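This briefing concerns a protein model with its sequence and structure shown below.

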Amino acid sequence: MMPQLSALSFRTKINCGIVLIVGLIAIPLAYLTWRAAAVSLQEETRKRGLVLSENLAMRISDPLLSMDLLRLKNMVDELDKVDDISYAFILDRQGSVLVHSFTGGFPVALTDVNAPRDGKPNIRLLDTGREFIDDFAAPVVIVGTPFGTARIGLSRTKAEAAADRLALMIVFYSAAAMVVALAPSTLFARRVTERINRLKLHAEEVVKGNLDPRAGPPALRPCSAILDCDKKLCPAYGDKNRRCWLTASPDQRGDGPESCRDCPVYREQKGDEIQDLAETFDVMAVSLKTHLDELRRTEQVLTRQERLLRTILDATPDLVCLLDENSRYLAVNRAFAAFLGQSSEAIVGTTDREVFPDDEGPDMHAQNRQVLAAGRPSHREVRLRRPGAPQWLHIVRVPVTDRAGRVIGLLRTARDVTQLKQFQEQLIQSQKMESIGKLAGGVAHEINTPLGVILGYAQLLQEDVPAGSQILTDLQTIEKQAKVCRKIVADLLGFSRQAESAKIEMCFNNSLMEAISLVRHALSLERIVIAADLDERMPIIYGDPEKLKQVWINLLSNASDALGSRGGTLLVRSRLFVDQQKVTAWFADTGPGISSENQSRIFDPFFTTKPVGQGTGLGLSVSFGIIKDHGGVIRVETPAPEGFFDALVTNGDNAPGTVFIIDLPLDHEETLGGPQLADLREA
Amino acid sequence: MRRREFLLTGLLLPFFAGCGRDEDAVRVDLSKRQEPTMRQQPKAVSYAYLPQYAHTVSYERHRLLLDYLSRATGLTLRQVFPDTFEEHVRMVERGEIDISFSNPFAYIRMAASGARAFARIIEPSGKPDFKSQIICRRDNTALASLADCRGKRWMAVDQSSAGGYIYALGEFYDNGIRRSDFAEITFAPGPGGKQEKVVLAVFAGICDVGSVRDGALDILRDRIDLGQIRVLAESKAYPGWVYCARQGFPPETTARIAQAFFSLNFERPDDAVILTTAGMRGIIPAVDADYASVRRLADKLGLDTTVGGDE
């Protein structure tokens with residue numbers, strides 16, 4: 001397959017060009033010369049034929065008059081000896097052939113094909129099938145009287161053969177000239193190709209990054225030596241490797257090479273186009289190297305800055321991302337990627353509708369569009385549903401603009417404020433509890449006095465009525481219910497911390513055991529087993545034994561209620577954490593547990609899941625208040641941590657269970673050793 | 001049209017223009033060959049003019065006279081053109097020429113074979129006789145008289161030529177100069193036009209002296225500068241050219257022709273044109289005895305006047 005023209009080597013192209021040029025000159029020249037020669041020869045042949053025929057006609061006058069056939073025959077035979085004369089013959093005035101030069105008879109068809117016209121010679125082109133012949137018919141006129149005709153045939157084919165030979169000769173010499181021309185052209189092309197190849201190798205070195213080699217030849221003298229120039233600050237000063245018109249400072253070189261035409265340096269050092277190219281190449285390489293160095297330095301700075309920026313972005317726990325004008329992610333930080341559970345690369349290019357759940361993505365996307373459209377920042381808090389607990393994010397969207405002020409994207413930062421929200425809710429709850437406590441305390445305080453009067457009078461009246469009477473029974477009922485009311489009032493006062501507390505040093509375990517022993521019998525009737533696992537170090541705390549006992553009884557009572565009639569196991573555990581200066585108690589049951597929505601409300605006053613009349617909803621809230629008054633913390637975990645009951649025989653009960661955990665501070669330094677870390681599982 | 005197409009057209013036009021032949025060729029089949037056969041000439045009275053000049057000149061001179069003869073006698077005449085004097089004489093002897101117009105010396109040779117004179121012409125000079133002129137170049141100072149011709153190169157017209165050779169030879173003889181006294185004697189080459197060739201040979205310096213009949217110089221008057229030719233001497237006058245009929249030619253026919261000749265009158269413009277063209281002023285009767293002086297000259301010079309003499 002013939003290679004494409006552009007793929008041919010330079011040397012081949014030059015040789016082809018030479019051949020083409022010589023061919024383009026030689027072939028038309030040969031053709032035109034051949035044509036001109038053919039036309040000229042044809043014209044010459046016609047003239048010659050006319051002269052020959054007229055000469056013959058004149059010469060044969062005498063022998064024709066004397067009918068000297070021998071002389072006539074000699075004359076035509078003489079003509080026939082001429083190379084290009086095909087024939088000659090003579091007709092008398094009647095048109096009879098007198099003599100002819102043919103051998104083997106006279107061709108009869110030849111007689112009438114041509115004749116003189118108006119007494120003058122006539123030329124006719126004959127085609128014999130083998131060649132073309134110019135037939136000349138000259139009249140033999142003697143004193144105005146036609147005596148016959150002299151006919152001569154000149155071969156045009158032979159005449160044209162001469163022209164053909166001429167053309168062939170031109171073609172031959174042209175071919176020879178072409179061959180001769182190819183030798184210097186090959187040498188020339190080789191020289192040029194070598195220089196171009198050197199340039200190519202140089203270019204390859206440049207591509208490889210080696211910008212130091214020089215392609216152009218060094219000058220014998222630098223421009224500063226030629227011009228005796230002492231401007232040492234000029235870049236071209238003393239430089240033999242590069243030409244000053246390419247490297248000199250602008251104020252030295254003026255308008256560039258065009259203005260250097262008359263400079264002796266330019267005249268001395270100027271080379272041909274390839275040398276110009278090589279020298280320009282060198283300058284380009286140097287310039288490229290300078291620019292590359294600058295580029296590398298800039299790249300290093302940029303890389304460091306980018307790394308810093310990335311570090312900042314990735315280190316921040318905030319969810320940071322940059323979106324384009326179509327709300328597609330351009331970049332995200334590590335926290336954002338982790339939040340979505342995808343890699344940064346997977347997120348870039350997507351939109352919120354694709355990476356967020358269906359019930360969140362469209363809203364996020366719409367918010368983005370609003371900011372992009374309005375061009376104003378926005379911030380809002382959103383609540384996202386996540387497994388376990390809802391998550392609150394504070395999202396700030398800032399539009400990003402170009403120099404013209406056109407919005408080209410937005411920067412979005414989101415901060416997890418779930419904990420803050422919880423704190424807010426707790427604060428609100430606390431404030432609410434405080435208000436309720438104050439209200440309840442005030443009410444209880446006001447009710448306490450009349451209630452005491454009611455109780456007192458009820459007890460007094462009992463002394464005045466006979467025993468066994470209906471009135472006494474009613475008074476006893478009044479007294480009993482009044483005492484219930486006083487208990488409620490006392491609880492309310494305790495909840496509002498309006499009740500007096502008497503804190504002393506007390507044994508934590510003893511407090512627990514007292515409460516257990518009080519309820520054990522009653523709970524056993526409900527088929528509830530109480531297991532105690534108390535710290536053997538007998539931790540001492542500073543507290544109100546009665547109130548704490550009330551807390552323990554509340555918790556045990558709650559557990560009993562949770563287990564209900566089907567019974568179960570109740571585990572009470574205590575542990576001392578010396579390093580944390582606290583003692584912890586666990587009250588665990590194997591009941592059905594507390595629903596998640598109720599977990600945050602169980603410590604609220606008057607919150608109860610029991611039927612009306614069976615609970616006041618004050619037990620846990622009072623317990624909360626007592627523990628809080630002791631500087632401790634009470635919290636609930638439901639279901640109970642896995643393995644919590646492993647140490648017990650739970651009769652195959654697989655209920656989730658609930659654990660109340662109470663941390664109370666120690667008020668003195670314990671010297672006893674113990675576990676370093678309180679851990680539920682280890683416990 | 002775009003520039004490229006113009007260029008292409010300009011480049012290719014000469015090629016297209018040069019293609020093909022610019023004339024139609026006539027197709028000729030040269031394979032059918034046949035040897036030509038001459039047509040038989042119709043019966044006619046053959047008339048010949050002694051080849052004193054080229055045939056065309058002879059034809060031109062006598063064309064009108066023959067036309068006149070044909071008209072006047074009702075005979076069909078055909079002019080024939082012997083190449084040499086000798087051939088002319090032989091043809092008369094062989095009967096191939098019926099009417100011969102020749103010089104006196106040729107006549108006495110033909111008379112030997114039975115030909116008889118019946119008319120003679122009046123020369124343009126108005127005399128019925130003529131002479132030979134001996135010529136040389138005007139710048140040839142070595143030739144002042146006939147005696148100076150000894151040792152010179154002499155070109156004559158023909159051995160049979162009366163005015164061109166024999167009369168001059170008689171003149172040299174009478175002046176004591178023999179043929180052996182010349183460095184060489186040559187005769188004009190080739191057939192026809194011999195008188196002119198002698199003049200041209202003298203003019204060109206090929207020979208020192210030449211001999212022509214009187215009146216010959218006038219033929220070349222318009223072709224060469226006759227001022228360069230000098231007439232060195234003239235011979236005695238001898239009877240002019242003569243018409244004779246071959247032996248056996250019907251006398252009545254000869255008489256009809258003679259009568260027609262004699263009827264020509266130079267005073268008549270038409271006849272004058274005929275006679276002037278033929279180089280004569282008139283034709284008068286003649287008999288064989290009129291040429292006795294010529295026979296004597298031949299005898300004097302030792303020339304053979306019999307049929308089949310020297311060639």
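Two strands pair if DSSP finds at least two bridges between them; strands (E, at least two residues) and helices (H or I, at least four residues) are DSSP runs, numbered from the N terminus. This is a predicted model, in which local features need pLDDT of at least 70, side-chain atom pairs count only at pLDDT 80 or more, and totals for chains, interfaces and linings use all residues. Residues are numbered from 1 along each chain as its sequence is written, while chains are lettered from A and ligands numbered from 1 in the order in which they are written.

**Sheet of chain B**
- In chain B, five strands make up an open sheet of mixed pairing, ordered 10-9-11-8-12.
- Strand 10 (184-187) and strand 12 (229-234) of chain B each have a single partner strand, so one side of each lacks a neighbour in the sheet.
- Strand 8 (residues 132-137) and strand 11 (residues 209-213) of chain B run antiparallel, joined by five bridges, and Cys136(B) stands opposite Val209(B) in strand 11.

**Contact between chains**
- In all, 27 residues of chain A contact 28 residues of chain B, a contact being two residues whose C-beta atoms, placed from the backbone, lie within 7 Å.
- Strand 4 (122-127) of chain A gives the most to the side of chain A that touches chain B, with four residues.
- Strand 4 of chain A pairs with strand 1 (residues 26-27) of chain B in the parallel sense over two bridges; Asp127(A) stands opposite Arg27(B).

**Confidence**
- The model has an ipTM of 0.71 and a pTM of 0.47.
- Chain B averages a pLDDT of 86, pLDDT being the predictor's confidence in each residue, from 0 to 100.
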